[in-house]
Amino acid sequence: MNFELNEDQRLLRDTIRSFLEAEVAPHVEKFEKAEELPREILKRLWSELGLGGMVIPEEYGGIGLDAVAYCLVVEELARVWAALSITVAVHNSVGAGPIVEFGNEAQKKKYLPKLATEWIGAFSLSEPVSGSDAAALRATAVKDGAHYVLNGEKNWVTTGGFADTYIVMARTANDKQKGISAFIVEKGTTGLTLTRTEDKMGLKASETRSLVFQDCRIPAENLLAGEGMGLKIALTLLNSGRFGVAAQAVGISRAALEASLKYARERETFGKPIGQHQAVGFMLADMHTKLEASRALTYRAAWLKTAGLPFAREASMAKLFATEASTWITHKAIQIHGGYGYVRDYPVERYYRDARVTEIYEGTSEIQRLVIASSLLKEAVA
Amino acid sequence: MDFSLTDDEHLIQDTARQIAREVIAPRAAETDASGIFPAENVRKLAELGFMGMMVAEEFGGAAMSTMAYALAIEEISAACASTGVIMSVNNSLVCHPIEKFGTDDQKARYLSKLATGEWLGAYCLSEPNTGSDAARQQTTAVQQGDRYVLNGTKNFITNGQVADLYVVYCMTDLAAGHHGISSFLVEATTEGLTRGAKEKTMGIRGSSTCQIILTDCEVPAANLLGTEGDGFKVALNTLDGGRIGIASQALGIGAACLRDSTRYATERNAFGQPIGQFQAIQWMLADMATELDAARLLTWQAAVAKDAGRRYTLEASTAKAFASRMAVVNADRAVQIHGGYGYLQDYPVERYYRDAKVTEIYEGTTEIQKHIIATGLLKG
């Protein structure tokens with residue numbers, strides 16, 4: 001048992017941290033207000049730090065980080081700017097990930113080097129009628145010679161507006177589970193329209209779009225891993241995505257605790273810094289404790305994956321705990337800041353809004369509890 | 001980063017699990033009902049080297065890591081929390097300070113007896129009028145020639161009625177506050193040492209908890225542990241390690257709650273299906289397992305920090321605060337899942353519920369842990 005980072009991991013973390021603190025942190029509030037995430041920033045993360053290819057092997061132009069290193073990067077990104085962290089995480093885990101894990105050689109050669117260095121990937125599973133019950137999706141893909149013809153409506157597509165590729169799940173047969181297939185769709189394909197831009201509580205700078213497919217013709221070679229593999233691909237990648245969202249929650253929680261500690265040392269009431277009052281000191285202690293537990297669960301899940309061991313239950317535990325802890329921690333951060341916590345002069349107001357979605361996307365807390373309980377009960381009767 | 005157990009740690013865990021299942025669990029309900037100290041359990045633990053797990057081999061110990069110790073305490077406590085705390089006190093609160101602060105002579109006379117389980121130790125810090133505010137000791141030790149004369153009353157002493165040796169904290173200088181505290185090794189047979197009546201505790205009823213009354217109790221000056229005025233430092237250093245023991249005890253209780261509840265959820269039917277098929281029950285099970293694992297990781301983080309020789313006060317307090325709360329909450333959920341049967345002594349969850357509560361109180365209340373964490377964080 002060893003909770004320490006090794007030399008490489010520390011170096012990676014420090015490199016990311018200093019880049020973000022110098023180049024990104026000073027501009028976050030401005031971009032959040034404008035609800036804008038400049039593509040220029042992503043370009044620099046891709047070209048200077050290789051973050052476009054975190055899960056892409058070196059032979060396809062990526063940097064091939066393992067799951068632990070991946071979490072370290074996402075945590076650092078989220079500590080500075082949650083909207084940026086989700087953009088980078090989605091691109092890697094479900095934008096590039098499906099091609100890395102399930103793509104054929106031609107698809108890998110065609111898409112991965114571009115995604116690693118230049119392009120941005122998105123993922124499109126949810127529909128207005130299907131979220132947690134993913135297999136209830138209705139979008140269709142009908143084979144027509146050398147093409148599939150896609151029709152349907154998708155929503156909650158992170159980075160939907162400026163992605164270059166979309167991994168799209170659509171129905172190729174009626175079977176609820178086995179009738180779903182995954183396709184690589186390039187932006188600008190005729191019949192693909194970007195529609196609604198969501199007005200969200202948080203992650204203001206991350207664009208969330210709806211997509212409409214209307215007789216959208218996709219080359220048949222863009223089918224990933226065969227007809228009927230869609231749900232398997234989605235669930236496999238979401239499993240991995242879960243500790244990424246957990247790491248994001250850890251990053252937000254850390255930012256909230258750091259801001260609260262600073263404020264608790266500076267702000268005085270009744271003749272002493274507010275941190276000296278037990279009411280505030282104990283909140284800080286609880287925030288720290290939940291953060292440490294979140295981090296340990298997250299890195300344990302990531303380590304299991306890196307070691308090639310089963311990690312589905314542990315990833316769900318990490319996602320469940322770290323995201324609920326983050327909502328709780330950011331809530332307390334506002335409380336410690338009092339009125340200042342409720343105004344946008346201090347960043348904790350943003351942390352609170354940004355944290356909330358982590359309990360929802362990439363599997364709600366309820367889906368995580370289902371996964372954990374099913375695995376426990378299966379073990380009990382085995 | 002490495003979240004695996006070593007082969008040795010697996011072996012300790014398996015050994016502890018086996019003795020817990022075969023020897024300790026079958027007697028746990030009886031120990032709770034009778035309140036009789038489980039001497040046979042302690043003998044078995046001693047045979048395995050579990051009463052002096054971290055003590056060096058030259059003093060009869062098993063020279064194992066804190067990590068192995070945490071694993072063993074969890075398994076034992078999952079069967080019987082009373083036995084868990086008896087083991088934890090002997091290892092963490094008695095063997096440890098003697099090994100760390102004791103003279104060669106003290107180690108020769110006492111440590112191997114304690115580490116091999118021939119003797120049992122107890123730790124006397126709390127008093128009727130001082131618990132969390134441990135610096136306000138009222139028990140005194142006055143030097144007279146080559147002896148100290150001890151007077152005072154010590155409260156809530158685990159292993160109190162059966163211990164052979166007591167680590168006793170006293171004021172040697174009443175004017176010096178916490179710098180006036182010293183600790184002494186007092187043998188049970190010393191004249192002037194009296195054991196009070198066994199306390200009627202809510203849980204851990206086999207722990208033999210009582211008062212220790214010292215009346216003109218003369219202790220050889222050679223039994224001063226550390227130097228005069230060092231007592232508070234000895235006490236705090238000792239409690240850091242003790243907190244890993246209690247956190248591990250809480251893990252055992254929390255794990256037993258999950259184990260029994262998961263089994264019950266597959267066996268008990270309601271509305272035509274096992275209750276585990278209802279989300280209301282599944283949610284409780286999922287939260288129990290998640291918080292248990294979080295508590296485990298925090299506890300092990302403290303244990304490996306101690307093994308690596310780093311300062312681990314913050315980690316130990318974090319682990320103890322979280323794990324003890326987890327045990328209480330998991331026990332509450334376990335009773336709820338068992339329904340009416342959970343309220344009867346026919347099922348062990350009723351005992352878990354009572355046993356869990358004390359983990360939030362002894363060896364530093366949750367409030368003291370939060371105070372330590374907050375102070376550490378604000379100092380930065």
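These legends describe close-up views of a predicted model.

**View 1. The interface between chain B and chain A.**
Chain B brings 39 residues to the contact, and chain A brings 37 residues. About 3800 Å² is buried between the two chains. Carbon and sulfur atoms give 74% of that area. Met1(B), Phe3(B) and Leu378(B) stand out on the chain B side: they supply 23% of the area that chain B buries against chain A, more than any other three residues. The size of an interface is often given as the accessible area lost when the parts come together.

Between chain B and chain A, 10 residue pairs are in polar contact. Four elements of chain B, namely α6 (231-267), α7 (279-307), α8 (313-338) and α10 (366-379), each supply at least two residues of the side that touches chain A. The largest share, 16 residues, comes from α7(B). Sorted by class, this side of chain B has 21 nonpolar, 11 polar and seven charged residues. Four salt bridges cross the interface of chain B and chain A. Arg310(B) forms a salt bridge with Glu4(A), with the closest N and O atoms 3.2 Å apart.

**View 2. A salt bridge between two helices of chain A.**
Over all chains, the count of salt bridges comes to 50. In one of them, the side chains of Glu76(A) and Arg17(A) meet, 3.0 Å from N to O. Glu76(A) sits in helix α4 (residues 67-80) and Arg17(A) in helix α1 (residues 7-24), so the pair ties together parts of chain A that are 59 residues apart in sequence. Glu76(A) is buried, at 2% relative accessible area. Arg17(A) is partly exposed, at 23%. Both belong to a network of salt bridges, whose members include Glu21(A), Glu75(A), Arg79(A) and Arg254(A). Glu258(A), Glu292(A) and Arg295(A) are also linked in this network.

**View 3. Two salt bridges within chain B.**
Side chains of opposite charge can pair when their charged atoms come close. Lys154(B) forms a salt bridge with Glu127(B), and the closest N and O atoms are 2.9 Å apart. Lys154(B) lies in strand β3 (residues 147-157) and Glu127(B) in the loop between β1 (121-124) and β2 (140-144), so the pair ties together parts of chain B that are 27 residues apart in sequence. Lys154(B) is buried, with a relative accessible area of 0%. Glu127(B) is buried too, at 4%. The second pair is Asp133(B) and Arg136(B), whose closest N and O atoms are 3.8 Å apart. Here Asp133(B) is partly exposed, at 40% relative accessibility. Arg136(B) is partly exposed as well, at 46%.

**View 4. Asn222(A) in a loop of chain A.**
Asn222(A) is placed in the loop between β7 (208-219) and β8 (223-224). Asn222(A) counts as buried, at 5% relative accessibility. A polar atom of the Asn222(A) side chain lies 2.9 Å from the backbone oxygen of Ile184(A). Leaving aside residues up to four places away in sequence, Asn222(A) touches Gln107(A), Tyr111(A), Ala182(A), Phe183(A) and Ile184(A).

The whole structure has zero disulfides over all chains. Cys124(B) is in no disulfide, and the nearest cysteine sulfur, that of Cys210(B), is 8.6 Å away. Cys210(B) is likewise in no disulfide. Cys124(B) is buried, at 0% relative accessibility. Cys210(B) is also buried, at 0%.

Terms used:
Residues numbered from 1 in each chain as written. Chains lettered and ligands numbered in written order. Predicted model: local features only at pLDDT ≥ 70, side-chain atom pairs only at ≥ 80, totals over all residues. Heavy atoms only, no water. Disulfide = S-S within 2.5 Å. Buried < 20%, exposed > 50% of the residue type's maximum accessible area, 1.4 Å probe, protein only. Contact = heavy atoms within 4.5 Å. Buried area = accessible area lost by both parts, 1.4 Å probe. Polar contact = N/O pair within 3.5 Å; in protein donor to acceptor, adjacent residues only side chain to side chain. Nonpolar A, V, L, I, M, F, W, Y, C, P; charged D, E, K, R; others polar.
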